[in-house]
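Reader: Could you walk me through the salt bridges in this one? I'd like a close look at who pairs with whom, and where those partners sit.

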Amino acid sequence: MPNTPTSHLLLMPPNWLGDAVMAQPAMRAIAMHYRPEKLSICGRAWLADLLPYLDLPAAEYRPELPAADTAILFPNSFRSAWQAWRNGARERIGYRGQWRRLLLSRPLPRRLDLRHQHHRLYYLDMATQLDIATPEQEVKLVAPAGDREAGIALMLAHGLAPEKVICVAPGAQFGGAKRYPPESYARILGWLSEAGWQPVVLGVAAERQIGEQVLAGVNGPYWNAAGETKLREALQLVTAGRLMLCNDSGFMHVAAGLGIPTVTMFGATDPARTSPSGPKVRLFYVPADCSPCLQRECTVPGQPCMANIRPETVRDACLAALAE
C-alpha cells in the first residue's frame, strides 16, 4: 500500500499518444485506489485533448508541474523525476533507471521488458508493485458527452454523409518503417469508395502529403483532414466514424480503446509489444526475415514486412468489419 496519505495526486503519463492510451488501465487503477481530493495530469500539451477520454474522474490537466503529495511517473526519463523532486512532491514513484534512482522516494524495479512484453502490462506492473488491484486490464476509453455529435457536425460541414465515413490514419510519427505503403492504401480506399464509403484522413500537417497519396484512388466524397484539425477534433471524428484503418499509431490505440472497429497493419513493430486493446480489432502481421526491426526507417528494398500484407486482404477485413 502507498505509505503517504494523498490529498493531491499527480500523474505524469507517457510522452507518446499511443503509450498514454496503453497506460490508461494503470492510471485509472491508481486514481481509483488513491481517490485523492485533487488529481492532476501533467505532460505534453495534447494531453488536454486526450484527458476527457481517459475516464479518470475529476482529473485536471496542468500545463505546469504542480506540487503534489504523490507523483506517479510513467516516463522513464531523468527529467521527469527531477521535475517532480524540484516541485516538491513528497512521494515520487517510478521505475528506476536513467540515473534517477536518488530522485525517487520509491524506485521500482523493471520486472517486465519493454523490448519483448506488452507496454500495457509494463505500466500495469507499476500499480501491481504498489499493491494496487488492477481488475480492469484492458483499455476502455469513454467519449465525452457531445463529442460524437461534434464529429458528425465536422463531417457534415465537409460534405460527407456521417453514416458512410471511415477514418484513415496512414501516417506514423515514429517513422516511415511503421507505415503501410501509400499506394496500397490508395488501392484499398479506391475499392471502399466504390462500395460507397467516404474516407477522412487524420494526421498532423507533416502527413498531409501522405494523405493526398492515399486518397488518389478515391472516386467520391472524402476529406484530407491531416493538419486541419486539433487533436480533440480528430478524436471526435474517430468517435463518430464507422471504422479506423491505420498503422501501428496513436490513433489505432484510441479507436480500439473506444470500441470502434479497427483494422491495422504491423510490420517494423511487434504486436506482442504494442497491439491495440479493444473488442473489435483486426490486426495483420506477416513478418519478413527482418521483422520486427523496430527501426524508424526501413533499409530493406521493397519493405517486405508490409508488402507481405495484401491490399485485398485488408479490404476484405474492412468490409467485414463494416458489415457487422
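Author: A salt bridge here means a side-chain nitrogen of Lys or Arg within 4 Å of a carboxyl oxygen of Asp or Glu. Before the pairs, some ground rules. This is a predicted model, where local features need pLDDT of at least 70 and side-chain atom pairs count only at pLDDT 80 or more, while totals for chains, interfaces and linings use all residues. Residues are numbered from 1 along each chain as its sequence is written, and side-chain values use heavy atoms, with hydrogens and water left out.

Searching the whole structure turns up 13 salt bridges. One of them joins glutamate 312 to arginine 187, at 3.0 Å from N to O. Glutamate 312 belongs to helix α13 (residues 311-323) and arginine 187 to helix α7 (residues 182-194), so this pair ties together parts 125 residues apart in sequence. (Helices are DSSP runs of H or I with at least four residues, strands are runs of E with at least two, and both are numbered from the N terminus.) Arginine 187 has 41% relative accessibility, so it counts as partly exposed; buried means under 20% relative accessible area, exposed over 50%, and partly exposed in between, using a 1.4 Å probe and protein chains only.

Next up is arginine 90 with aspartate 69, whose closest N and O atoms are 2.8 Å apart. Arginine 90 is in the loop between α4 and β5 (91-95), and aspartate 69 is in the loop between β3 and β4 (70-73), so the bridge ties together parts 21 residues apart in sequence. Aspartate 69 is buried, at 10% relative accessibility.

Then there's arginine 28 and glutamate 136, with 3.6 Å between the closest N and O atoms. That pair links distant parts of the chain, 108 residues apart: arginine 28 is in helix α2, and glutamate 136 is in the loop between α5 and α6. Glutamate 136 is partly exposed, with a relative accessible area of 39%.
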